[in-house]
Amino acid sequence: MRRYLLLLIALLSLTPAARAGNEPDSLLRTLDRAIAERSLRTARKEELLRELKQRRDAQESLRDRYRINDEIIDNYTSFVCDSATSYIHDNLRIAETLGDERLRTESRLRLAFVYSLSGLFVQASDLLRAIDFGALTADQKLSYCWTRIRYYENLTRYTGDEALGADYAAQIRALRDTIMSLLPEDSEMYLKEKAFQLQADGRLEEAEGILTEIYRGQTPDTHSYAMAAMSLAKLYREAGDRERENRFLKLAALTDTRLAVKENEALLTLATNLFEQGDIERSYNYISSALSDANFYNSRVKNSVIARVQPIIESNYLDRIETQRRNLRRSTILLSVFIALLAGALAVIGIQMRMVSRARRNLQEMNGQLSELNRSLNEANVVKEKYIGYFMNRCALYINKLCAYRKDVSHKLRSGQIDRLKIPPKEQDREFDELYAEFDEAFLKLYPSFVEEFNELLRPEARYETTEGRLNTELRIFALMRLGLTNVNQIAEFLRCSLQTVYNYKSKIKSKAQPGIEHFEEEVRKLGQNTFASDSM
């Protein structure tokens with residue numbers, strides 16, 4: 001039976017739910033919960049955007065509308081690229097209306113950036129070529145270079161061509177040199193670009209030191225924090241440190257998921273890594289979430305990257321599901337056999353337990369009866385012992401009195417005092433009074449609570465108030481019955497009354513019994529059990 005139970009526990013421990021209960025990675029569990037709550041976080045982001053749009057519509061100034069449009073675009077850039085594009089076009093129209101070339105250039109740069117994110121590389125390239133780099137301000141030149149870098153990074157991911165990738169990397173290096181020439185050397189942006197340059201040169205330790213300091217300076221639960229974590233993850237990937245790469249990927253993916261960032265590169269990379277590590281189920285969940293985000297964001301780049309790995313992960317996931325289904329089928333059959341065996345064993349045990357339980361109840365009843373019998377015998381023995389002693393003393397006393405009386409009679413007969421032989425009635429009454437007094441004393445020592453319990457059987461108005469240590473005739477009748485004397489003739493002789501008097505007393509007292517007491521005499525025979533004084537007298 002124990003072996004069956006151990007096997008059953010072992011089978012249950014093999015189920016996916018049991019394995020999930022042993023998952024040690026708290027970051028992954030937190031990320032799972034955040035992904036499960038994506039719809040709620042998306043709804044909050046949409047509510048924020050609705051509020052911004054209401055504020056925008058309430059503005060009369062075009063510049064105020066442009067400024068609030070910028071806020072809307074900032075939120076849409078990582079949320080829905082088509083909507084971001086729409087509001088950038090609105091800002092271009094405002095800039096044209098205002099005749100403000102600076103605002104027009106800023107909007108065109110933003111539009112090129114969003115185009116490169118969504119995979120519209122031709123349109124992004126056309127916009128960037130149309131901009132005169134030499135005529136831009138320093139800030140606009142920085143924005144232009146960053147947009148170009150992102151353009152080439154996305155183009156590299158989209159094409160997946162190593163030869164083109166090398167050419168794009170050279171372009172990115174040149175643009176990064178330009179950015180660094182425009183930034184103060186002590187600024188965070190300069191240090192970040194320097195770290196990327198060091199990383200490209202293979203100087204990973206130096207790059208790690210700079211990126212770690214930048215990461216530590218970010219506020220958690222912000223997009224800049226996620227970007228800093230993602231930069232470290234890429235560095236550790238290049239260094240071959242898969243453990244730390246995954247840790248920062250989890251932090252970046254978790255932060256972007258909480259912020260409803262749909263352009264979530266970290267989640268896609270993490271899904272691929274988990275697939276390589278054999279966590280097929282979680283990898284499938286993450287790649288499905290990444291695909292859902294890409295569709296929501298409407299990014300051709302993300303969709304193309306996902307399209308390369310998603311079928312592989314999905315195929316392995318389905319194979320895993322099918323394997324689990326076969327294993328589950330075999331486990332179910334085996335478990336059914338064990339359950340049938342267990343049910344049979346439990347049925348046998350149940351029958352045996354019922355037999356044991358029934359025997360135990362019978363034994364308890366017999367023990368109870370035996371205990372009651374022993375108590376009754378003990379009580380009877382004590383009563384006999386006490387009253388035999390009492391009556392032996394009483395007989396000895398009366399024999400002595402009889403001898404003395406015989407001598408007195410003989411003496412009076414010899415002396416002719418016949419008229420003095422008559423015993424006075426008072427003398428006889430005194431003798432019986434002493435007999436009853438000693439009987440009452442002996443009985444109340446054996447059953448000290450008899451009178452109190454006897455009164456409980458009677459209605460309140462019919463209860464007896466007795467003198468200390470004495471019983472009246474009615475109580476003596478029932479006291480004799482309590483001692484086991486049931487012969488009415490003997491009771492009448494002992495009390496020096498007629499049979500009818502005894503019957504009258506009994507009927508009178510029974511008529512005063514509490515309602516519901518049907519067997520009065522049986523109840524009387526139970527009185528005093530709890531206070532029976534076996535060491536009395």
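This note walks through the structure above in numbered points.

1. **What you are looking at.** This is a predicted model, in which local features need pLDDT of at least 70 and side-chain atom pairs count only at pLDDT 80 or more, while totals for chains, interfaces and linings use all residues. Residues are numbered from 1 along each chain as its sequence is written, and side-chain values use heavy atoms, with hydrogens and water left out.

2. **The overall picture.** The protein has 23 helices and zero strands. Helices (H or I, at least four residues) and strands (E, at least two) are DSSP runs, numbered from the N terminus. Of the 537 residues, 39% count as buried; buried means under 20% relative accessible area, exposed over 50%, and partly exposed in between (1.4 Å probe, protein chains only). Take the contacts (heavy atoms within 4.5 Å) between residues at least 6 apart in sequence: 65% of them join residues at least 24 apart.

3. **Helix H13.** Residues 223–239 form H13, whose 17 residues reach 24 Å from first C-alpha to last, close to the 24 Å expected. The expected span is 1.5 Å times one less than the number of residues. Buried residues here include Tyr-225, Met-230, Leu-232 and Tyr-236. The buried residues of H13 pack against helices H11, H12, H14 and H15. After the helix comes Gly-240, with a positive phi near 80°.

4. **Helix H16.** The end C-alpha atoms of H16 (residues 280–297) are 25 Å apart, which agrees with the 26 Å that its 18 residues should span. Among its buried residues are Arg-282, Tyr-286, Asp-293 and Tyr-297. Asn-298 follows H16 and has a positive phi, near 65°.

5. What does Asp-293 form with Lys-262? The two form a salt bridge, their closest N and O atoms being 3.5 Å apart. Asp-293 lies in H16 and Lys-262 in the loop between H14 and H15, so the pair ties together parts that are 31 residues apart in sequence. Asp-293 is buried at 4% relative accessible area, and Lys-262 is buried too, at 6%.

6. Arg-50 and Glu-47 make one at 2.6 Å, N to O. These two residues are three apart in helix H4 (residues 38–57), so about one helical turn separates them. Both are partly exposed, Arg-50 at 42% and Glu-47 at 34%. Helix H7 holds another three-residue pair, Arg-104 and Glu-101, with a 3.2 Å bridge. As a reminder, an α-helix has 3.6 residues a turn, so residues three or four places apart point the same way. Elsewhere, Arg-55, Asp-64, Arg-67 and Glu-71 are linked in a network of salt bridges.

7. **Cysteines.** How many disulfides are there? The count is zero, a disulfide being a pair of cysteine sulfur atoms within 2.5 Å. Cys-81 is buried at 1% relative accessibility, while Cys-497 is partly exposed at 22%.

8. **The surface.** The accessible surface comes to about 30,600 Å², of which 53% belongs to carbon and sulfur atoms; areas come from the Shrake-Rupley method with a 1.4 Å probe, and for residues only the protein chains shown count as cover. Ile-333, Val-337 and Leu-341 make a nonpolar patch of about 260 Å². Patches are made of residues with over 30% relative accessible area and no salt bridge, like charges being joined within 9 Å and nonpolar side chains (Val, Leu, Ile, Met, Phe, Trp, Tyr) within 5 Å. Ile-333 lies in helix H17 (residues 300–415) and is exposed at 54%.

Key:
A salt bridge is a side-chain nitrogen of Lys or Arg within 4 Å of a carboxyl oxygen of Asp or Glu.
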